[in-house]
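Here is a guided reading of one protein model. Keep the sequence and the structure in view and find each part as it is named.

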Amino acid sequence: MPTRMNAIIGLGLLIPSVAATNSPLQTRLDDGLALTPQMGWNTYNHYNCFPNEAIVRSNAQALVDLGLDSLGYRTVTIDCGWSVADRLADGSLTWNETLFPSGFPKIGQYLHDLELLFGVYGDSGIKLCGSPPDNVGSLDHEEQDAKTFAEWEADSLKYDNCYSDEATNFPNVNYQPSTSPQPRFEIMSRALQAQDRPMLFQVCEWGIDFPANWAPALGHSWRIGNDIIPAWRAIFRTLNQAVPQTSYAGPGQWPDLDMLMVGNGVFSQAEEQTHFSLWAILKSPLTIGAALKDDTTAISKGSLQVLTNEDVIAFNQDKLGVSASLRRRWSDEGFEVWSGPLEGGKTVAAVINWRNESRDLTLDLPDVGLQSAGVLRDVWGEAMERGVRTSYTARVEGHGTMLVELDETTPAGEYSTALFGRKNGQGTSFQSIYALTTSANYGITINFAQPVSSATNITLRTSASKQTYSTEIPASAHQVTLQAPLIAGSNNTITVWHHQTAIDSVQVTPPNGTYYPGAKFILHGDAKQVTCGEGFCQPVGSKIGNLAANSTAHAVIAASSSGSKYVELDYINNEVALDSAWGWGANSRNLTLAVNGGLPVRLEVPLSGRHSELFGPGQGWWDTGSLGVLTSGWKDGENEVVIGNVGGEKGFQALAPDFVGMRIYD
Ligand code: GLA
């Protein structure tokens, strides 16, 4: 099980990414369930807490009639509203007989006869969510209820967190309880395991106590955040919350981004594609939340096309079970790149167009750790391209996503003569050379097809300068490395002259960069330096907090050439949108970086916390995240760098994330 999704693989291969988690995967329930994310249908997103038997039966039948069952959508879950206020005389739970006249066991049987699975819904508090009308919860009745669910032949339990905080007299929700929900979920987990029927357990405590750290030991999936709302902004908010926990996904343990809104008439088709693509590649359970068919409704053809896309489902159900992670985000330009590995050495990548206008977007393969792809399949664009070198550009609809599968790939930085080289007079020139940053310090290694027979000279030039670079190669050398400049972008050329021996490939290694800890910056306004607990706020041990809109951190940073430089920003944000999730909460904060008084580059950073915002070390405000941006305006010599929160006062969050430090690739 890879615990570091974004490892830097091999010499000089730099994959810009959010810092990998330092939390190894926790022990998990190893019962063979949910080896790939569970798929199904649930009443809640469309019918709210008003399910009934006719609704369940007609939608279950539709799963079969529409062929959704054979694509994997099999678990039918009856969410809130199914139960009653009181238990039976023997203390057991029962269904609402008016709404479900045939009763739960019969409905379970009906689903099983359709070869579907029966999902039930309960709550770890005294009442179910959505009460009133009061529906009794499972608190203090866990064993009896688990037994009842097993008797009804349930196949899964979604277990919620309403009316659960005793210390505050059981309010509907308390997002900041004084004790963790974890023990209540543990009791139910044990009760389920004691039954002689395997039941998949879905932990639904809305991400309040960072369940990624404990839920895998108790169940098969955990809700990462508060409920999805029927608004486009819920997608950005959810993805920002997923960022720091993508590495916790794996067979039997899935971060649940919540049920799908596809088909509920709230999104355009492009938006539905984005929603579905990202849920799929982040390995979220895929639970349809739309009315497939009832007395008045039938799902639209367009939405059905989204939900039945077999490529996207295959990414979700890929046996490797590794989630995609966020690689790059361009906040000013409004797009971002996610990617992750698939079985058989393939890669999936997604470029989200956050702007609501159709435009051409480019995926630079090095942003996902690759240099070329023998085959690229563009899923929504319905295109296939062979021999893709360095970049792929396609039209992406407003709020849409370019979703591609890359196969027969080579790692970033490696340019074979066969793919990238071209005979050029007395030499060979290599095209489509990618540079993350503008720098004179690239290492360019020339690998010969065979050892050179006698000592000789070699000369190269890059498109970044008129200058030539030469060195002597001793006899029998296999390779030689020179230092040369490249300009940030994907269109550099390297030309090598006077080589008697054929060149097999060229390897380009970016500079390592120099780290500037936040502790060395000079603070203005309200900004304050904060010391963190031992081993936290990596790699510095402290951070700059309270970066309000009028507050900044300044440093003078030397560069060895002018141009655009790639800067990796280490930040901390654990402002988890819980209450605000119903409104405009986005799980993000705004950070700006300006060089030499130029226009600031803005980065809307996602969450970085990998510990509980209630009880974890530093409340999760000591866990560093990392994202890179390209910044322009650098001069050869000293540069004035200002970290701040320009425009922050106009955003949802007036504060920037805390700033740990930055690495400049020069
Ligand atoms: C909570 C859950 C939702 C849904 C509702 C029902 O909010 O997170 O998924 O089950 O309760 O009221």
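A residue counts as near a molecule or strand if one of its heavy atoms lies within 4 Å of it. By that rule, 14 residues surround the ligand, and the closest are D79, K158, D160, R223 and D227. This is a predicted model, in which local features need pLDDT of at least 70 and side-chain atom pairs count only at pLDDT 80 or more, while totals for chains, interfaces and linings use all residues. Residues are numbered from 1 along each chain as its sequence is written, and side-chain values use heavy atoms, with hydrogens and water left out.

Which side chains have polar atoms by the oxygen atoms of the ligand? A polar contact is a pair of N or O atoms within 3.5 Å; within protein, one must be able to donate a hydrogen and the other to accept it, and residues adjacent in sequence count only if both atoms are side-chain atoms. For K158, an N or O atom of the side chain is 2.7 Å from an oxygen atom of the ligand. R223 has a polar side-chain atom 3.0 Å from a ligand oxygen, and for D227 the distance is 2.6 Å.

Next come the helices. Helices (H or I, at least four residues) and strands (E, at least two) are DSSP runs, numbered from the N terminus. Axes are lines fitted to C-alpha atoms, for helices over the stretch in contact, and angles run from 0 to 180 degrees between N-to-C directions. Angles under 35 degrees count as roughly parallel, over 145 as roughly antiparallel, 65 to 115 as roughly perpendicular and the rest as oblique. Contact means heavy atoms within 4.5 Å.

Start with α2 and helix α3 (residues 104-113), whose axes lie 10 Å apart at an angle of about 10°. The two helices are therefore roughly parallel to each other. From α2, residues E53, V56, R57, A60 and Q61 meet I107, Y110 and L111 of α3. These residues divide into 5 nonpolar, 1 polar and 2 charged. In this count Ala, Val, Leu, Ile, Met, Phe, Trp, Tyr, Cys and Pro are nonpolar, Asp, Glu, Lys and Arg are charged, and the others, Gly among them, are polar.

Are α4 and α5 parallel or oblique to each other? Helix α4 (residues 142-151) packs on helix α5 (residues 182-193) at about 45°, with the axes 8 Å apart. The pair is therefore oblique. On the α4 side the contact is made by E142, E143, D145, A146 and F149, and on the α5 side by I187, M188, A191 and L192. There are 6 nonpolar, no polar and 3 charged residues in this contact.

The axes of helix α6 (residues 233-242) and helix α7 (residues 269-281) come within 11 Å and cross at roughly 15°. α6 and α7 are therefore roughly parallel to each other. Here I235, T238 and L239 in α6 meet T274, H275, L278 and W279 in α7. This contact holds 4 nonpolar, 3 polar and no charged residues.

The loops also hold points to look at. L71 sits in the loop between α2 (53-65) and β2 (75-77). Leaving out residues up to four places away in sequence, L71 touches M39, T308, E310 and I313.

Most residues other than glycine have a negative phi, and most peptide bonds are trans. E153, in the loop between α4 and β4 (156-160), is not a glycine but has a positive phi of about 65°. P132 and P133 are joined by a cis peptide bond, with omega about 5°; P133 is in the loop between β3 (117-123) and α4. The bond from Q538 to P539 is also cis, with omega near 0°, and P539 lies in the loop between β28 (528-531) and β29 (542-545).
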